[in-house]
Structure formats: C-alpha cells, structure tokens
Amino acid sequence: MSLPVWDPDLDDVLVCRAVRTVTATVKTFVFAARTPQRFSFRAGQHLVFAFEIDPGGADGAEVLRSYTLSSPPTRPDTLSITVRRRSGGVVSTWLHHHLRPGMTVRAISEPLGEFTLEDHPAPRYLMLAGGSGITPFLSMLRGLHDHGHTADVVLVHAAHTTDDLIQRAELEVLAAETVGLRTVLVPSSDDGAWPGHRGRLSAAMLAQIAPDLAERTVLTCGPETFMADLQHQLVEFGCDPGNLHRESFTFADPAVALQLQGADPAEHPAHAGFPVEFAHLGRTVHCPPGSTVLQAAAAAGITLPSSCSQGLCGTCKSRLVSGEVDMQHAGGVRPKEIAQGRFLPCCSVPLTPLVVDRL
Ligand code: FES
C-alpha cells in the first residue's frame, strides 16, 4: 500500500528521528512525519522550517530558515538536512546543541527550488560544492546511486581542511559504485600529506580536474563569495554563462530583482501608499507607493523573517488577513496557499490597506 504524500498544509510537524555527527561542526538531522507518510521532492530542493528557539521568550516567536535537503528522494520515508554550526548562528547553534530525537519542528513549506537536475538537464555535469554547499549534491548523487544510474558527473568538494570534508568516505563509495561519477576533494589547507589538489578552487584548477569543463553544465553551491568568484572565473575562462547555475536566493540582475519584487512604480497608479497592520505585533506602518510590505516593515524598524527577499524561498510567508496585494513571486508560495490567504511580504505591494499576521 502506497503511503500518502506529506503535505505541510495538512500537518507541518516533523519528528526528529536521528542526529548524526558528520564532522566537528556539521551534523545531519533526520526527520519523519508524525504519521506514516512519504516525502516527494526533487534532489536539490529545500524546505522552510520554523524553529521555536526560545519557547519562553517574549512572544514565543519562531525563527524561519531554509535548509536544502541532503537525503535523496529515493528514500522517501524520511528527509534530512545537513547543517554546519556557524559561529553566532542562532539556528545552527540551536540545532546542534538542542535538537534531539523525539523533538519536533515545523516545516512550513512544501519542497521548493529549481536547483535540480530535472530543472537543468544535461549530458555532463560539473558540481562545485563549497563546505556545506555539498548538501544538494549529496541528495542528487545518493539518488543516482540508489537508482543505479550511470552519470557523467565530476563533483568537486572544497573545504578548509581534510577534517572539514563532509561525507568523505561515502563520497568515495558513491564514486566507486556509480559508473561515470568522479569525486575530487580539495582542502584549501592540509598538513602536506594530502595526495590530490589543494588550495583555493580556481578555473585553472578546475580545467585540470575536468579538461572538458567548457562543455559541462556547472552547478555551484556554497557561500555567496565562493559561487560568485567561481562563476566569474568560469565565464572569463570561456564557459557559456547559460551553462552555469548556482543555488542562490539572490539575483545579480537588478532588473530581474525589481521585476520579482513587483516594485515597478509604473505598474502602480499614483496614491499616497497604504497602512499595513501587523496584527501579531500590534503595530501599523505606512507602506509608500511601490514599496513591498517587507520594505515598509524594515523602514519602520520591524524585522520580519526573510531570506531571499525575492519571492523565491518562502521564508517570509505570512497570512493576509484582509486587503489586496500585487504579489510577483518566483515560486515561493503555491496557488493553494494563496487561495488560503497566504502571501509573501517580500514581493507584495499593497493595493489597499492591509492586515497581516504570521502563519
Ligand atoms: S524572503 Fe524569500 S520568499 Fe520572501
């Protein structure tokens, strides 16, 4: 009997099943639904989680974060995230220090994102992972392996030291057992004993690793500077920018950003702006013409949960209690959710006075 597909609209609570130490600063957290259900997603997608970091705090506020799934879709009974503990990182520190098997969290979105092989089909790939940017590739490669697929893939995993390489032993097994997959691990520093490439990734090093790199579709995930730097170098090297994709919640092209934010004043007739009431905060702010709800909140000193600010990640998802907005989102909210009164403040311009509440 096939299990029902998990739907966060019906039950968004996930139970932590296991916590696994990966490196000194990285842990994997395994979740299942409360009742037997299966998860349906594409490798490379992410979920938006709501973590109750400080239940006894002033308003019991939840902190929202997007995490890419590291488990593959081929193992649908559970899903996993693999998280590096960042110095000063509120959520990653809480996860590492407090989340234990049996505890629950909320996942308030369905799997989101287009950083997937299905969205970027190609005969040959070069996957570039910086640090914990390995997570979408773990999901992809585990899925390919589970399916017994062959794949013309070169994965390059860069990390500070050999101790920071994530799932090093597993990557070696995947490479040994998946026809066509090659994994190259590159520490930026080591004790001199590392037998392979070391140092900062560059187009020149990548050309040594994959001499046909200009013919490969390149998927990059890692810190923003890591992705931007490599992308720049690869374009200069002669790679087609159309073949370069990165997991990112930001858009370099301001025209695209403007379009996604729905902030084209020409589309909005002259008016003096509208009041926006944040019901859960008991505050009302003025939203000037062409400004998004998120921008108006920020201008008034209110910090709403947000990540991409471009209608993509779903982190800012809220409830529109009353009023109308022009929302130019990029996939961060589903039609069903919109019909239920949910919206994304980061890409919504008020068309009337609004009352907004958290989910
Ligand atoms: S902050 Fe990402 S969708 Fe609004």
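Directly after helix α2, Gly148 adopts a positive phi of about 75°. Helices here are DSSP runs of H or I with at least four residues, strands are runs of E with at least two, and both are numbered from the N terminus. The model is a predicted one, in which local features need pLDDT of at least 70 and side-chain atom pairs count only at pLDDT 80 or more, whereas totals for chains, interfaces and linings use all residues. Residue numbers start from 1 along each chain as its sequence is written.

Helix α2 itself covers residues 135–147. Its 13 residues reach 19 Å from the first C-alpha to the last, close to the 18 Å expected at 1.5 Å a residue; the expected span is 1.5 Å times one less than the number of residues. Among the buried residues of α2 are Phe137, Leu138, Met140, Leu141 and Leu144, and Arg142 is also one of them. A residue is termed buried if 20 or more other C-beta atoms lie within 10 Å of its own, exposed if 12 or fewer, and partly exposed in between, with C-beta atoms placed from the backbone.

The protein chain is divided into domain 1 (13–107), domain 2 (125–246) and domain 3 (259–357), with bounds that come from an automatic or database domain assignment. Four residues of domain 1 are in contact with five residues of domain 3, contact being defined by C-beta atoms, placed from the backbone, that lie within 7 Å. On the domain 1 side, strand β4 (residues 63–68) gives the most, with three residues. That side comprises three nonpolar residues, one polar and no charged. Here Ala, Val, Leu, Ile, Met, Phe, Trp, Tyr, Cys and Pro count as nonpolar, Asp, Glu, Lys and Arg as charged, and the others, Gly among them, as polar.

Strand β4 also belongs to an open sheet of six strands, ordered β4-β3-β6-β1-β2-β5 with antiparallel pairing. Two strands pair if DSSP finds at least two bridges between them. The edge strands are β4 and β5 (79–84), each of which pairs on one side only. Neighbouring strands of the sheet are turned by 40° against each other on average, direction ignored. Within this order, strand β3 (residues 46–51) is joined to strand β6 (residues 104–107) by two bridges in the antiparallel sense, and Phe49 stands opposite Ala107 in β6.

Strand β14 (residues 318–322) has two antiparallel partners described here. Two bridges join β14 to strand β16 (residues 342–343), where Ser318 stands opposite Phe343. Three bridges link β14 to strand β18 (residues 354–357), and Leu320 stands opposite Val356 in β18.

Most residues other than glycine have a negative phi. Gln167, in the loop between β8 (153–159) and α3 (168–177), has a positive phi near 55°. Ser309, in the loop between α7 (293–299) and β14, likewise has a positive phi, of about 60°. Gln167 is buried, with 23 other C-beta atoms within 10 Å, and Ser309 counts as buried with 23 C-beta neighbours inside 10 Å.

Ser188 lies in the loop between β9 (181–187) and α4 (203–209). Ser188 is partly exposed, because 14 other C-beta atoms lie within 10 Å. Leaving aside neighbours within four places in sequence, Ser188 is in contact with Ala158, His160, Arg198, Gly199 and Arg200.

Conventions. Two residues are in contact if their C-beta atoms, placed from the backbone, lie within 7 Å. Axes are lines fitted to C-alpha atoms, for helices over the stretch in contact, and angles run from 0 to 180 degrees between N-to-C directions.
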